[in-house]
Amino acid sequence: MNHPNPNPPPQNPNQEEPSPPKFEWDFHVSAVVSSPATGQHISDTLGVIEVNSSGTLFATGGIARKIRIYNLNSLPPITTHATACRTYICTPAKLSSLKWKPGSAGKTMGSADYDGVVTEYDLETQMPVFERDEHSGRRVWSMDYSNHLGSVVGASGSDDGTMQMWDPRHESGKCVAAVQFGGPVCCVEFSSFNGTLLAVGCADTRAYVYDVRKMAEPVVVFDGHKKTVSYTRFLDDRTVMTSGTDGCLKMWDTEDRSLIRTYKGHTNQRRFVGLSVWRNQGLIGCGSESNQVFVYDKRWGEPIWVHEFEPEGGTRSEHRFVSSICWSQVGDDECTLVGGGSDGVVKIFSGKRKQLTSDV
């Protein structure tokens with residue numbers, strides 16, 4: 001089905017002007033994972049990082065055609081991929097997206113690749129157990145799962161201009177719904193609060209939210225970015241974050257159909273730099289083409305923390321950038337953020353809320 005082209009939602013006229021940001025969190029680097037060849041080539045560029053629901057493991061994928069699994073909470077301060085990786089799987093193509101499959105007890109990983117294939121891997125046998133090749137061989141940028149509909153359903157978005165929903169119980173992933181867009185689909189994400197909502201980010205500069213029970217037209221279209229919408233993330237049951245290659249993050253209200261806030265500070269003009277939200281405390285993480293990690297608080301449009309990703313004592317390279325980011329969803333006053341770079345380096349950041357002080 002073709003999507004309509006409705007008018008963009010208005011900005012909320014009642015939105016209060018935010019106060020200057022408060023720096024309520026302390027962050028530090030707790031671990032660094034790299035390879036001996038770091039900085040010499042780009043064959044290990046990380047395209048995706050995914051932390052599991054219990055916050056104990058994380059997976060990486062990218063140009064190196066490997067899924068690597070790590071223990072999140074037991075990494076030494078400085079280590080290498082070869083030493084720290086507990087499991088790795090060689091894949092036939094470069095990877096753009098990874099997701100832990102719900103209901104599999106952490107034993108199945110879904111992936112999407114540059115050859116247009118969605119594959120599920122058994123992490124114990126390290127073998128593929130499901131394959132879906134329905135995007136005409138065009139790169140699949142993103143895939144996700146929902147298990148809120150009585151059974152697990154998958155979705156994928158591709159350079160072929162389609163978002164497809166499919167049933168992984170069928171051998172070839174029977175298509176249950178599809179939407180044709182005017183350009184590449186860069187991101188798909190189901191709401192973890194309400195599995196019937198699906199957010200889609202597209203190269204046509206818009207983000208779309210669908211109710212998967214009624215796919216004839218979107219519930220709302222967010223039209224505010226000037227360039228490609230590369231990521232969509234649900235912050236809560238009614239709020240969606242989007243990231244665009246116009247160098248902006250935007251927060252939207254799905255019920256009021258309005259723009260809440262725009263976030264600026266990082267650099268993003270042509271690459272995928274990652275976007276992740278820590279829903280427990282409303283923190284937003286993203287990478288940057290300046291090779292930095294940025295953390296925003298949802299309440300303020302300016303960053304509350306910025307970290308240089310360059311190696312200690314190294315010089316900044318215009319070719320390096322932070323390419324992937326993911327929060328652990330565990331914790332309230334302490335948090336963990338995992339970032340990956342175009343040189344294959346992974347950094348683990350630990351955050352802690354500062355103690356509140358008052359004048360005596």
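These notebook entries record what I looked up in a predicted model.

**Entry 1. The sheet of β11 to β14**

I began with an open sheet of four strands. Its order is β11-β12-β13-β14, and the pairing is antiparallel. I noted which strands stand at the edges: β11 (140–146) and β14 (174–180), each of which pairs on one side only. From one strand to the next, the twist averages 20 degrees.

Within this sheet I looked at β12 and β13. Strand β12 covers residues 153–158 and strand β13 covers residues 162–167; four bridges join the two, and they run antiparallel. I then looked up S156 and found that its bridge partner in β13 is Q164.

Next I turned to strand β9, residues 118–122. Is this strand mostly covered or mostly open? I found it mostly covered, as four of its five residues are buried.

I traced its pairing on both strands that it meets. Strand β8 (residues 108–113) is joined to β9 by five bridges, and the two run antiparallel. Strand β10 (residues 127–132) is likewise joined to β9 by five bridges, again in antiparallel fashion.

β8 and β9 form a hairpin with four residues between them, and G116 in the turn has a positive phi of about 85 degrees. The hairpin of β9 and β10 has four residues between its strands as well, and there Q126 takes a positive phi near 60 degrees.

**Entry 2. The nonpolar cores**

I asked which residues have the most contacts inside the largest nonpolar core. This core has 18 residues, and the ones I was looking for are M163, M165, F181, L198, V200 and M215. The elements that give two or more residues to it are β12, β13, β14, β15 (185–190), β16 (197–202) and β17 (206–211). Apart from this core lies another, of 17 residues, among them F27, W278, I304 and C335.

Leaving aside neighbours within four places in sequence, M165 is in contact with V153, G154, A155, K174, C175, V176, A177, L198, V212 and M215.

The other member was M215, which lies in the loop between β17 and β18 (220–223). Its relative accessible area is 7%, so M215 counts as buried. I also looked up the separation of M215 and A178, which are 37 residues apart along the chain: their C-alpha atoms are separated by 8.3 Å.

I then turned to charged residues. Side chains of opposite charge can pair when their charged atoms come close. A search of the whole structure finds 19 salt bridges, and I examined some of them.

D204 has its place in the loop between β16 and β17. This residue forms a salt bridge with R206, in which the closest N and O atoms are 3.8 Å apart. Are the two residues buried or exposed? Both R206 and D204 are buried.

One of its polar atoms lies 3.0 Å from the backbone nitrogen of R206. The side chain of D204 also makes a polar contact with the side chain of Y208, at 2.5 Å.

**Entry 3. Other salt bridges**

I looked up D297 next. D297 forms a salt bridge with R299, with the closest N and O atoms 2.8 Å apart. The cut-off for a buried residue is under 20% relative accessible area. D297 counts as buried because its relative accessibility is 3%. R299 has a relative accessible area of 38% and is therefore partly exposed.

The side chains of D343 and R320 meet in a further salt bridge, at 3.7 Å from N to O. This pair links distant parts of the chain, 23 residues apart: D343 is in the loop between β28 (334–341) and β29 (346–353), and R320 is in the loop between β26 (303–308) and β27 (322–327). I checked the burial of each. D343 has a relative accessible area of 8%, so D343 is buried. R320, with a relative accessible area of 18%, is buried too.

Last, I recorded a network: salt bridges that share partners join E24, D297, R299, D333 and R353.

Key: Residues are numbered from 1 along each chain as its sequence is written. This is a predicted model: local features need pLDDT of at least 70, side-chain atom pairs count only at pLDDT 80 or more; totals for chains, interfaces and linings use all residues. Side-chain values use heavy atoms; hydrogens and water are left out. Two strands pair if DSSP finds at least two bridges between them. Axes are lines fitted to C-alpha atoms, for helices over the stretch in contact, and angles run from 0 to 180 degrees between N-to-C directions. A salt bridge is a side-chain nitrogen of Lys or Arg within 4 Å of a carboxyl oxygen of Asp or Glu. Buried means under 20% relative accessible area, exposed over 50%, partly exposed in between (1.4 Å probe, protein chains only). A nonpolar core is a set of buried Ala, Val, Leu, Ile, Met, Phe, Trp, Tyr and Cys residues joined through side-chain atoms within 4.5 Å. Contact means heavy atoms within 4.5 Å. A polar contact is a pair of N or O atoms within 3.5 Å; within protein, one must be able to donate a hydrogen and the other to accept it, and residues adjacent in sequence count only if both atoms are side-chain atoms.
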